[in-house]
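Colleague: Please put the model up. I have some questions about how the chain packs.

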Amino acid sequence: MKRLLSFLALSLALAASVCGANGVHPRLLLTPAEVQEIRAARGKAPLFDAALAEATDKVARALAAPIVVPQPKDAAGFTHERHKANYAEMQLAGFLYQITGEARYAAFVKAMLEKYAVLYPTLGNHPAAASSSPGRLFHQSLNECVWLVHATQAYDCIYDTLTPEERKNIETHVFEPMAHFLADERAAEFDRIHNHGTWAATAVGMAGYVMGDDELVKKALYGSKMDGRTGGWLKQLDELYAPDGYYCEGPYYARYVIMPFYVFAQVIENNQPELKVFARRGSVLRQAVDSLLQLTYVNGEFIPFNDAMKEKTFQSPEVALAVDWAYVRYGRDPRLLDIAKRQGVVALNAAGLSVAQALVANPRPPAFDYRSVAYGDGPTGRDGGVALLRAPRAAARRSPCSNTPPSAWSTAITTSSASSSTTRAAKSSPTTAPPAG
C-alpha cells in the first residue's frame, strides 16, 4: 500500500510539473541560465573551447553540404551511416544556435527535421531488419532510440524559432509516432531491463518532456503500462546496478549505458527536481561512474568481460559526459578532474564547462584513486560479484606529488556466483601511460 501511495504521489507531481514547465525552452540538457553562463565563458576554458571549436568545424562542413535524408536500405552502409551523421549534426547545430544565436544553425535543424517529417510516416519495418525488435530508420530499434535522444535535443534548442504550425508538423510526423512506436509497438523491448530498455525509456522521455506530453513521460519513467512495475527508466536504474554501482553486463556495456542514465537523469532534474534521481538508491549513479573507472586498466582500457570490444577506453564520449556530470552533481571530487585531464575532452554542456573551468584553476589535480575493489552483482548485490585486486609494481608507484599514472599494475580478476568462484585472469596492463589531457 505504501508503495502504491508513493507511486500515485509521484504521478500527480509529474503531471503538474510537466505541464507547468511546458513553455520554457531549452529544457532538456540545457537551461536558459546555462546558455548565458556558457556564452559568458567562451575563450576562458581551453578544453571547453576546443570542444566548441571541433563542433563548429563539424557543423560548418554539414552546412556546406546538401541535406540528405535517405530511404533506409542497409544495416551498416550508406543510409545507416547517413542517419547517424544526421542526428549528430542536428544535435551540435542546435547547441551552436543556443550559444551563438546564429540563425543558420536553427535553419539547418529545421530543414532536416522537416525532411524527416516527410519520410518517417512512410516507413514500415526496416528492410534489413534481422532482430526481434526492428526499427524503421534503422535495422534495430536501439538505433532509433539513439537518433531520438539526439534529435530531441536539437529540436529543444530551436523550439522558440518555430511557428506553432512548424512544431505541429515535426511533432505529429516524427516525434510522436517514433515515441509511440518505441513505447507501444516495441513494448517488450521498451520494458526490458537491459541497456536497450534504458535507451528506449530515455528517448521516449525526452520526446515527452520536449513536447510537454505527460503520457510519454510517465511511460518513460514507469514503463509502458505506467504502473511502475512493468519497466521504465526508474526500474532500469533500480535493477541494472548493484548498490555499489556495478553494472550487471560488465564494464564495456556500463560504458554504453552510462550515457542514457546520466542524460535522462539530467533531463529529469531540469524538469522535475522533486524526483531527486541523482540521490536515488544512495546516489547509485555516483557509484556507477566510480565502478566504471575502477574496471579499467590505468591506461584507460576496459577490462574485457564477456563480449567486450577491446578498443573502447575511458576516453569514449559516453564516459567523458558521465565524468563531467558526476563531478558537478556529486561534490566536485578533484580526482575526477584527473580523469577528465587524461581524457582530454569535456562534454558540450554546463557540466563540461564546469570541469574545464576547474582544470584552469587546478591544472594538477590529485590522482584518481585506483584501488582493489569487490563488487556485488544484481539489484541487491547478492547475485554473484566481481573482485579486482591491484598491486602497483614497486618501480612504478605513484609519487604523492606526481600526476603521472603508474606505468603498469598487476591485476587479478575474480568473479563469483551462487555456485562458483573463478579467478579469470592475472594480467598486467600495458606499460604505456595514458595520453595527457
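**Overall fold**

Modeller: Among contacts (heavy atoms within 4.5 Å) in the protein chain between residues at least 6 apart in sequence, 68% join residues at least 24 apart. This is a predicted model, where local features need pLDDT of at least 70, side-chain atom pairs count only at pLDDT 80 or more, and totals for chains, interfaces and linings use all residues. Residues are numbered from 1 along each chain as its sequence is written, and side-chain values use heavy atoms, with hydrogens and water left out.

Colleague: How many helices and strands are in the protein chain?

Modeller: Both are DSSP runs numbered from the N terminus: helices are H or I with at least four residues, strands are E with at least two. On that basis the protein chain has four strands and 16 helices.

Colleague: What share of the residues of the protein chain counts as buried?

Modeller: Buried means under 20% relative accessible area, exposed over 50%, and partly exposed in between, with a 1.4 Å probe and protein chains only. The protein chain has 437 residues, and the buried share is 56%.

**Cores**

Colleague: Which residues have the most contacts inside the largest nonpolar core?

Modeller: A nonpolar core is a set of buried Ala, Val, Leu, Ile, Met, Phe, Trp, Tyr and Cys residues joined through side-chain atoms within 4.5 Å. The largest has 127 residues. Its largest share, twelve residues, comes from helix 12. The residues with the most contacts inside this core are Trp147, Phe175, Trp233 and Tyr262.

Colleague: Which residues does Trp147 touch, not counting those up to four places away in sequence?

Modeller: The list includes His83, Tyr87, Met90, Leu113 and Tyr116.

Colleague: Which residues make the contact of helix 2 with helix 16?

Modeller: Helix 2 and helix 16 (residues 350-361) pack at about 35 degrees, axes 10 Å apart. Helix 16 contributes Ala350, Leu353 and Gln357, and helix 2 contributes Glu34, Glu37, Ile38 and Ala41.

Colleague: Which backbone oxygen lies 2.7 Å from a polar atom of the Thr152 side chain?

Modeller: Thr152 sits in helix 6 (residues 141-158). Thr152 is buried because its relative accessible area is 0%. A polar contact is a pair of N or O atoms within 3.5 Å; within protein, one must be able to donate a hydrogen and the other to accept it, and residues adjacent in sequence count only if both atoms are side-chain atoms. The oxygen belongs to Leu148.

Colleague: Which backbone oxygen does the side chain of His80 reach?

Modeller: His80 lies in helix 4 (residues 78-100). His80 counts as buried because its relative accessible area is 6%. At 3.3 Å, the His80 side chain reaches the backbone oxygen of Ala75.

**Backbone exceptions**

Colleague: Where is Pro26, whose peptide bond from His25 is cis?

Modeller: Most peptide bonds are trans. The bond from His25 to Pro26 has omega near -5 degrees. Pro26 lies in the loop between helix 1 (2-20) and helix 2 (32-41).

Colleague: Is Lys276, with its positive phi, buried or exposed?

Modeller: Phi of Lys276 is about 50 degrees, although this residue is not a glycine. Lys276 is in the loop between helix 12 (251-271) and helix 13 (280-294). Its relative accessible area is 57%, so Lys276 is exposed.

Technical notes
Axes fitted to C-alpha atoms, helices over the stretch in contact; angles between N-to-C directions.
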